[in-house]
Amino acid sequence: MKTYNMILTVCLMATNLLIPAAKAQTMHVQHKGDTAIVSIESPTRYLLLPVQEEKQQAQVLLDTGHDTDTWMDVRLARNGVDYYVPFALGEGNTATVKILGLAKDALALNLLKLSDTFNTANTDYYRPSYHFTPAYGWMNDPNGMVYKDGEYHLYYQYNPYGSKWGNMHWGHAVSRDLIHWQHLDPAIARDTLGHIFSGSSVVDIHNTAGYGKNAIIALYTSASDKNGQIQCMAYSTDNGRTFTKYESNPVLTPFDGLRAFRDPKVFWYEKGKCWYMIVSADKETRFYKSKNLKKWEYVSAFGNGMGQQPCQYECPDFFQLPVNGDPNNMKWVMIMNINPGCLFGGSATEYFVGDFDGKNFTCADAHEAKWMDYGKDHYATVTFSNTGNRVLAMTWMSNWQYADLTPFKQNRGANGLPRELKLFELDNKYYIQEGVAPEVMALRKETKELGNLTIEKEKDFAGIASGMNGAFEIEADVTADANGIAGIEIYNNKQERTLVYIDMKNRRIVTDRTESGLTDFGKYSEPHHIEKKWDKQRKEQSLLPARMVNAINYKNNFALATWAPLNLCGKDKKTFHVDIFVDKSSIELFVDGGRIAMTNLVFPIAPYENVKFYSQTGKSEFQNVKVHKLAL
Ligand code: FRU
């Protein structure tokens, strides 16, 4: 390796250099103006590109001579290497890679490697044990999810060339049980029209688009500075493995030149016997309809001034759910993901429940903000299509405030556990119950039953479960004193802990991660102006537990507690079923089957191994306590 580098260094001084790579391959780097041209004979599958994360992006292109060749942005190494990413070299006998925006003496040009393989064995300490993450690279929104022929297709916003946002592709994985995922090649790649932003897919059962019965049709946003945000279509006739982009893209552009116009969600509307698409259009969601998925007609808009609206909507979704499981009482639900300025800062998922008559969506309590999850790391939540009566959702477990700062290198971004959505009625209003999908229970490998624990005294604790190695689930029926606090402490031997507690005085359930482990990456200097406005309002309304106010005062977006109103479980409810999933870097809480969901990332420097149950004020009861070890 050393010799190889030396040869490179020496050769770089000349304008033309011939570098022996693997057996039959040669790699030759020359500079023309500000472009480095890498010519490869008998190319291997990949050129491995060294990345240095905090550096500026350079541009890299596989030059095949076609006008579809697309520049990719890569943070190529200047004077240090964080990790490598593979850059596919195509099928030809030779390959030419052009690099722009990189100084001639940048380390990257010295360290390019030819290889037929790329090692994806985990090197990240915080990589979850049982949550989905890409094999490498960056992931944000789950999108385009569809179920077909026994397979769940998870597509997602993906950067294959680094672990920060960029080069949006649709990454792809499939699963038969929503838990075990097989990584596949990206399904839709960034192209000359732009980044491939979020969108949705459907199974074209009636062959309305003309690509065959049961083709998978994807609608997504192409985003670029030049073209803005426009909706495009692609189809797959090989069960979602590969997609062909529609030759007459885009299929929809904004009629008023809006810049924020994205994330199309398509669904079949049986009553109208046609497709509908909803698209985020800044602070509203627009409805369109179509017979063939190609020609779209504007129908109506919803959302302006509704709910809590600090900023533009993103990743909308729209589906039907029965109220309290009654198929004769169906309601329409609109999900809108919003960033920034949400409940605990940054991004979160809001929703509206109402009726749809084929033209307008109406919602009686549209001015109330309803949150699908009360944690800080639950975003871009959307559902699978083609799942019959089940509504299954996936969520991105991060927050745009610090998403690209979390302590990862090889890959950054994980999904929350798959959730099954239901609707319940409370005081003549409708709410989403976001429970964990029952498939997840197959992760339970070993159960410790701790029975019933009564803690009589203040600040006492009981029932320690230990040796859980960072991947476990805790279940209990929890009752606190009338004005008391009953808590569960999840901790390691480094004095780091996350607290989940019921606070009956304020009728709240809280997850406090201020002492959970690494938090410094959440520090900020100057908050976004939208956050400032909402922080002020949140403080004035005393909506926050002390720790949240502290987070604002201490200027750290991560070190905080998040909370939810227990009244979502019923006004007089005293005992709550608490179900907590702990993984290497996350804690997901579900109360009463998902009437409250709360998803938060945590980064303990040693895995959480232990759980204890405590009472802070008065007597607390924890009944039917179980701790399950979880494994894939
Ligand atoms: C939401 C989002 C979407 C967009 C995508 C880009 O997180 O901003 O609106 O399509 O991410 O990656």
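1. The shell around the ligand divides into 6 nonpolar, 3 polar and 4 charged residues. Here Ala, Val, Leu, Ile, Met, Phe, Trp, Tyr, Cys and Pro count as nonpolar, Asp, Glu, Lys and Arg as charged, and the others, Gly among them, as polar.

2. This is a predicted model, in which local features need pLDDT of at least 70, side-chain atom pairs count only at pLDDT 80 or more, and totals for chains, interfaces and linings use all residues. Residues are numbered from 1 along each chain as its sequence is written, and side-chain values use heavy atoms, with hydrogens and water left out.

3. Among the 13 residues around the ligand, those that come nearest are Asp141, Gln157, Arg262, Asp263 and Trp400. A residue counts as near if one of its heavy atoms lies within 4 Å of the molecule.

4. Oxygen atoms of the ligand lie 2.7 Å from a polar side-chain atom of Gln157, 2.9 Å from a side-chain N or O atom of Glu314 and 3.1 Å from a polar backbone atom of Ser198. On its own the ligand has 320 Å² of accessible area, of which the protein covers 95% (Shrake-Rupley method, 1.4 Å probe).

5. The structure holds 0 disulfides, a disulfide being a pair of cysteine sulfur atoms within 2.5 Å. For Cys311, the nearest cysteine sulfur is that of Cys342, 8.6 Å away; for Cys315, that of Cys342 is again the nearest, at 12 Å.

6. Cys311 counts as buried because its relative accessibility is 12%, and Cys315 because its value is 5%. Buried means under 20% relative accessible area, with a 1.4 Å probe and protein chains only.

Notes. Buried < 20%, exposed > 50% of the residue type's maximum accessible area, 1.4 Å probe, protein only. Polar contact = N/O pair within 3.5 Å; in protein donor to acceptor, adjacent residues only side chain to side chain.
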